[in-house]
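This briefing covers the pockets and the nonpolar core of one structure. Please look at the sequence and the model first.

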Amino acid sequence: MESYNIALFLGLWIAAFILTRLGLSRMFKMAGLSPILAWVPILNWWYWLKLVGRPKWYMIGMIIPGVNILFSFNIKLDILRSFGKFKFWEQFMGIVLTFAYFPYLYFDKKLKFLGQGADKDWKIKHIPVGTGAREWADALLFAAYVAGGMRALYFDLYQF
């Protein structure tokens with residue numbers, strides 16, 4: 001018996017792609033970018049980096065397997081902050097369950113673009129001071145995200 005099902009994989013991947021791009025296209029539009037750009041694979045990373053204010057060299061990290069896990073964590077967090085999503089549950093959903101939270105943002109009437117979430121001056125002005133518990137929660141979320149991505153990328157590929 002085969003250990004994979006390509007039709008199931010493609011179906012789930014296409015569904016997740018469409019759902020995340022719905023929310024991303026609305027965010028692009030609200031930030032003054034063409035919503036069409038959110039639907040173009042790989043190219044959308046360039047405009048996503050532009051939207052959040054990350055340097056252009058981040059694009060190199062986005063195309064390197066393994067490294068892109070770290071970079072995608074950062075730009076997802078930046079885009080959530082750019083739209084005023086500062087609560088832990090909002091950031092958890094946006095990073096871990098992107099395929100479910102980005103479509104939610106598509107229909108969110110309160111969604112508003114506040115500015116480039118990666119800009120240092122913007123961070124000082126907008127991001128609320130975190131508590132010790134929040135700092136630990138953020139660190140644990142990052143560690144789980146990276147560990148899960150690395151496990152999927154390097155260890156789950158090999159079957160014994």
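The largest pocket has 27 lining residues, and W13, R21, S72, K76 and Y145 are the ones nearest its centre. A pocket here is an open set of points on a 1 Å grid over the protein atoms alone, where a 1.4 Å probe fits, with protein on both sides within 12 Å along at least five of seven lines; lining residues have an atom within 4 Å of a point. The model is predicted: local features need pLDDT of at least 70, side-chain atom pairs count only at pLDDT 80 or more, and totals for chains, interfaces and linings use all residues. Residues are numbered from 1 along each chain as its sequence is written, and side-chain values use heavy atoms, with hydrogens and water left out.

**Largest pocket**
- α1 supplies the largest share of this lining, six residues.
- The lining of the largest pocket consists of 19 nonpolar, six polar and two charged residues (Ala, Val, Leu, Ile, Met, Phe, Trp, Tyr, Cys and Pro count as nonpolar, Asp, Glu, Lys and Arg as charged, the others, Gly among them, as polar).

**Second largest pocket**
- Among the 15 residues lining the second largest pocket, R81, Q91, I127, R134 and D138 are closest to its centre.
- Its lining has eight nonpolar, two polar and five charged residues.
- The largest share of the lining of the second largest pocket, five residues, is from α8.

**Contacts of F28**
- Beyond its neighbours within four places in sequence, F28 is in contact (heavy atoms within 4.5 Å) with residues including L33, P35, Y47, W48 and L51.

Definitions and conventions: Helix = DSSP H or I, 4+ residues; strand = E, 2+ residues; numbered from the N terminus.
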